[in-house]
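Have the structure open and follow along.

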Amino acid sequence: PRKVILDVDTGSDDAVAIILSLLSPEFEVLGLCSVNGNREVKLTTDNTLRVKQLMKSDVPVYKGCEYPMVATLTPGRKPNIPWREGKMTGVTSLIHGDHLPFPETSLKEEPVGAVPWLIDTLVHTQEKITLIPVGPLTNIAMAIRSDPRVVQGIEEIMIMGGGYLVNNTTPMAEYNVWVDPEALEIVLTAGCKVTLVPLDATHETYLNLEDVAELRSYQNTAATAVADLVEQRIKGYANDADMKAFGGAPIHDALAVCALLDPSVLTEVVHVNCHVDISGGYADGQTCLDMRQKIDKDAPNCYFALHADREKFRTMVKAILKTCPF
Ligand code: BDR
Ligand code: CA
């Protein structure tokens, strides 16, 4: 199996991504790193531990960074830690409250933090490891900055983040990138194979109430949990004009996991030059693509998915969840 590390700001779509990864025999999940994002890291860690407990998993959980790298220091930047302001505009990953609707847990994170663990693991690994960051990129960028040798231990990085024509937090920015724009810029320029699964792709692969009903019919823990989360997300997205038209909700982070299991779930993947706007201005946190047709355009540094295959995604998610043995 492929060795993977998930970096999560759990979050209901993060929870689905974790559940799918833990159920996939193609993956050996080495660890789950939590990060500030949907909520403060204390809560995203607790939510991650709740998912671990629900899945009867012994995967270690490492608590990561509490703040973005430098984002809060940039003059002119709007406050980008919305949970501190009590505002969660545009972020529907935890529809109500701070906790996932799963039983409380007394499970604890490991004594070592996510960043030192990532550095140690990636520097010393024999076999290269795939990273799946589905929250702000703070932990990964901190690890790369602290010890650039981590890059040699990385097979590839499959990120949920960014947007080309679709954005959610500001007119120009997607949430994970907007929270820590410098972090993604560091990851994009580190020399790793990077794929971005942006909102353009995740909004096309929404799940609806039909999917929820089918998941419920499997009557196992994972499928029921995901059915609950998806149903909650559909309610949360009901005020969003695009999603109302579809009658569904995107499960952003789950698409990044599926893209590693079957890359053909992403369609129209461009190999392109991408940089993050870190100006603190109107486009702060934008993933800017060089889509010019010129031969001397800027050299590609990532793969960026412009579209995704909804039928393939729904089929994959259901097939994986059906396998839960309890
Ligand atoms: C991303 O932001 C978070 O709210 C979600 O968990 C997802 O990773 C979508 O913009
Ligand atoms: Ca997330």
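**Helices and their neighbours**

The axes of H1 and H12 come within 6 Å of each other and cross at roughly 25° (axes are lines fitted to C-alpha atoms, for helices over the stretch in contact, and angles run from 0 to 180 degrees between N-to-C directions). That makes H1 roughly parallel to H12, as angles under 35 degrees count as roughly parallel. On the H1 side, the contact is made by Asp-13, Asp-14, Val-16, Ala-17, Leu-20 and Ser-21, and on the H12 side by His-252, Asp-253, Ala-254, Ala-256 and Val-257; two residues are in contact if their C-beta atoms, placed from the backbone, lie within 7 Å.

This is a predicted model, where local features need pLDDT of at least 70, side-chain atom pairs count only at pLDDT 80 or more, and totals for chains, interfaces and linings use all residues. Residues are numbered from 1 along each chain as its sequence is written, while chains are lettered from A and ligands numbered from 1 in the order in which they are written.

Now for H1 itself. 12 of its 12 residues are buried, so H1 is largely enclosed by the rest of the structure (buried takes 20 or more other C-beta atoms within 10 Å of a residue's own, with C-beta atoms placed from the backbone). Those buried residues pack against strands E1 and E2 and helices H2, H10, H12 and H13.

Further along, H5 (residues 138-146) and H7 (residues 181-188) pack at about 55°, with their axes 8 Å apart. The contact involves Thr-138, Ile-140, Ala-141, Ile-144 and Arg-145 of H5, plus Ala-183, Ile-186 and Val-187 of H7.

Technical notes:
Helices (H or I, at least four residues) and strands (E, at least two) are DSSP runs, numbered from the N terminus. Angles under 35 degrees count as roughly parallel, over 145 as roughly antiparallel, 65 to 115 as roughly perpendicular and the rest as oblique.
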